[in-house]
Amino acid sequence: MFDLKDVGFRTEGKAAKTLLSDISVSFPTQAFSAIVGHNGSGKSTLLKILARKYRQFSGDIHMGEKALTDHSIRDFARKVAYLPQNPTVPPHLSVRELVGFGRYPWRGAFGRYRPVDFEKIDRAMTLTHIENFADRLVASLSGGERQRVWLAMLLAQDAPILLLDEPTSALDVGHQRDILHLVSDLKNTIGLTVIAVLHDIDMVGRFADHILALRHGQTCWQGDARNFMQAGTLQKIYDADIGVIAVPQSNISISYIA
Amino acid sequence: MIMRPAHVTIVVSALFILLAVASIFADLLPFLQNSTAWQALFKPDETRFDQIFFHFSTLPRTVMAFMCGAGLAVAGGAIQTIFRNPLASPTTLGVGAGVELALTIFLVMAPASLAPYQDIFTLTGGMVALGVVYLIASGRSNATLWLILAGMIVNLLLHSATQIFMLFHQQYLDSIFMWGAGDLAQNGWDSTFYLAPRLVLGIIAIFALVRPLDILALGDDTANSLGAPVKWLRLAILTLAVFVTTSIISAVGMIGFIGLAVPATLRFLGFNRSKSLLAMSLLIGGCSLLLIDYVLRQFSGTGGDIFPTGAATALIGAPFVIVILRKARIMPDGNANRQDHPADYSLAPKHMLMAVLFAVLLMGLALSLMVSLNEQSQVIFTPISDLFTLNSTLGDRAQRTLAAIVCGAALAVSGTLIQRVGHNPMASPEITGVSSATALAMIIAMVYFGFEGRTDLMMIGAIGGIIALLVLLGLCRNFTHAPHYLLLNGLAITAILGSVVRIALTHSGTKATMLISWLAGTTYFTRMDEVIAVAFITAVLTLLTLLARRPLELASMGADQAVSLGLGISLFRLAMMMAAAILAAVSTLLVGPLSFVGLMAPHLARIAGFRLAGAHLIGAILIGANVMMVAEWLARNMLYPQQLPTGLIAALIGTAYFLILSARRQ
């Protein structure tokens, strides 16, 4: 879905720093891609470039047939839903109202919400298990609950592409699994393209189809989950002693710190 | 900045001392050439005008400038350290305005026998103002911000009170203006000898307390656990700082921004310990004002034009403060404002409350028109049939009351838009300086370019307001972060307004009275066609913003999120800000820049539970209209037959509201 060619990014100002250089990668359509790497490796920056939050990148990015920058704002919002790492929480909105804003790209400033919109809002809340606090203020929820509310808003947005910046960072293991499971389910059933920045190696190995590993702003490794869950690969990416055990009678591997 | 403070000290102080000495030599040059310098300095030849002028005007003026600059900078440094707030200073925390009001009242009202007590009276004025500011700000989650906000509110309020007072005592007007504008001109050594001992005493006492000051700078808890009697120390040092400020203001009037800019800049350069900070403040503050005054003196000779130093200092100082504080990044983080929202309001829509507010507005309108007070405070009832007589009293009243209501609504919408789009519950047209810029544009057009037509002025004012907002948007990139910058901007523009008004008033003569009462926000000059025009503009813009309530709500989620959901945020923001500026401008023309309705109405509406953009707008409109209606009635009847300015009464209500709010929190 996204095709990147020689993409680089420098910060502006006096102490300009190169955050990304020479990234060439194709994120496959209708697949779950994960971006991994050490802290400060440029993962979030890359995702923000894809979400058009940073516009001064060098190189060439295509989304579908057109260049990334050629889509109109509304058109882009209908195709791409983006969840930042720390979204601003409006202090006065209830959960249902916030999720309702997912329909904004489709209805705009003045269009009336139709029954189909309310159905999509309800469905998004059901999928993310947040119906129980639909009428509470978002600001009064815990970090993990909020993360699910934001995800619900993205689902209500009904875009074929999801960009998620650490969508599970505040979640307990159960909800991490639920959310990633949900996302990869949606990928299989309705053909979503998902690109997520993730930290948990085992979750990446379990759910991702395609993995891009960054190191100091450069591509360090890319490939599929089976090849990712190898001690050699992980040691190279994270520069730490990591071992991998294959769980008997399954195709799951787990990593551990050696 | 890689230079170490030690080097900075030497370089900076040497530079300033050199410049100051050079300026004195420049003044002395003609006497040095014919070797009468010694004579001019100490024993002027009474037959030579130039020597007399130098000895009795230039020299005391130079000494005065140094003393005032030094004193204000030291007082500012101490106050900043105590409040741990780089924006605190005698002038920003209302001390100056308090002293000004107290002194004006004292000069006009007090019998000569009370003259020895002038110091105590003015000191009390300054301390009371500071106390009120402190009361409003203390106990809030982000006291840094509230302190400055409260300072601005109290400042504006006291200023307008001073102006009202002068309105009723017009015979003293001109001399009070000159004094209020910070005029350093001297005709003898009297003021110098009056000021010198007070300053020396105050400054020595402050220097004696540098160690406690350092401990206070660590924070109350730490200071307490180190065994310092925090409350008493703070009170003692503040009293000394206010005393120094009071003495200076009594002697020469308001001189803004030296007390703010000098210590703030020095701290930015790395002077963190109180001792070095205060010592350098003394030196640099004194030299700066001396130099500014020297430069101004070069202009004042031509044509006898008077350009008061204090007002000019504010003109130079205000932009400088913006620049230095932006660079210094000494502002605390802007995230704290979230805590100001209680997360406990219910989600139910407030139709009932809305209906009640509307009913109150209608009934209040009828009552405020028909009921009034006479000279003996007896209630007079005017029957509705009066409406059909010639020269109807009700018709006249209706005009003014409607003007107030319309302005209340316009300011409420303007404030709601600025607060929502700016993500800042404390922003408002008055606080961000939009109202001030509007007034500024109008005054300049009126006094210097001779515009008379109120329609022209309204247009010019609107342009001024929009320019101010655009500058604001440019300064606070994206408008999203740091509510401080908004306040800073408002502070600067308001200060500039204050000094331009003062300069303009000393020039304008006959228009002065009208200007003052307009600045204080009177509805007296309002005409019905203007009311209708403003009401029409307000109605159209309100309707448009109500239609745009969905994107308005979306804008509160931040720029990134809004764009992700397909809203072209920059254009939308610009449009909303334009609407806010236009509304602020048109209402400023009717009631002046002072009322705090634009701040108070959206604030109250949110607390009352009007949550979503549409309801918030309507709630704020109803509250704003109600407040202005009440203010207008009070202004008309409180001191009948004297007519008080509506804006001032509204501001009084606003200040009272914030005081009550802070009292309830404690």
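A:Phe32 stands opposite A:Val194 in strand S8 of chain A. The model is a predicted one.

Chain A has an open sheet of 6 strands, in the order S6-S7-S8-S3-S9-S10, with mixed pairing. S6(A), residues 80–83, and S10(A), residues 218–223, stand at the edges. Each has a single partner strand, so one side of each is left without a neighbour in the sheet. From one strand to the next, the twist averages 15°.

Helices lie across this sheet. Helix H7 of chain A, residues 173–190, lies across S3, S7 and S8 of chain A. Its direction is about 140° to S3(A). Helix H6 of chain A, residues 143–157, lies across S6(A) and S7(A), the latter being residues 161–165. H6(A) runs at about 175° to S6(A).

Next, follow the pairing that involves S1, S4 and S5 of chain A. Strand S1(A), residues 2–10, pairs with S4(A), residues 58–63, in the antiparallel sense over 5 bridges. Within that pairing, A:Leu4 has A:Ile61 of S4(A) as its bridge partner. S4(A) also pairs with S5(A), residues 66–67, again in the antiparallel sense, over 2 bridges. Here A:His62 stands opposite A:Ala67 in S5(A). The hairpin of S4(A) and S5(A) has 2 residues between the strands. In this hairpin A:Gly64 takes a positive phi near 65°.

Now step back to chain A as a whole. Chain A holds 10 helices and 12 strands. Its C-alpha trace spans about 55 × 45 × 35 Å along the principal axes. Does the radius of gyration fit a compact globule, or what value does chain A have? A compact globule of 258 residues would have a radius of gyration near 18 Å, and chain A has 19 Å, which agrees. Buried residues account for 42% of the 258 residues in chain A.

Helix H26(B) covers residues 613–637, 25 residues in total. From first C-alpha to last it reaches 36 Å, close to the 36 Å expected at 1.5 Å a residue. H26(B) is mostly covered, with 20 of its 25 residues buried. Helix H11(B), residues 230–252, has 23 residues. It reaches 33 Å between its first and last C-alpha, close to the 33 Å expected at 1.5 Å a residue. Just after H11(B) comes B:Gly253, with a positive phi of about 95°.

Finally, turn to where the chains meet. The contact takes 23 residues from chain A and 21 residues from chain B. On the side of chain B that touches chain A, the elements giving two or more residues are helix H22(B), residues 549–555, and helix H23(B), residues 559–564. H23(B) supplies the largest share of that side, 4 residues. By residue type, this side of chain B divides into 10 nonpolar, 7 polar and 4 charged.

Note on methods:
Residues numbered from 1 in each chain as written. Chains lettered and ligands numbered in written order. Predicted model: local features only at pLDDT ≥ 70, side-chain atom pairs only at ≥ 80, totals over all residues. Contact = placed C-beta atoms within 7 Å. Nonpolar A, V, L, I, M, F, W, Y, C, P; charged D, E, K, R; others polar. Rg over C-alpha atoms; globule rule 2.2 N^0.38 Å. Buried ≥ 20, exposed ≤ 12 C-beta atoms within 10 Å, placed from the backbone. Expected span 1.5 Å × (residues − 1). Pairing = 2+ DSSP bridges. Axes fitted to C-alpha atoms, helices over the stretch in contact; angles between N-to-C directions.
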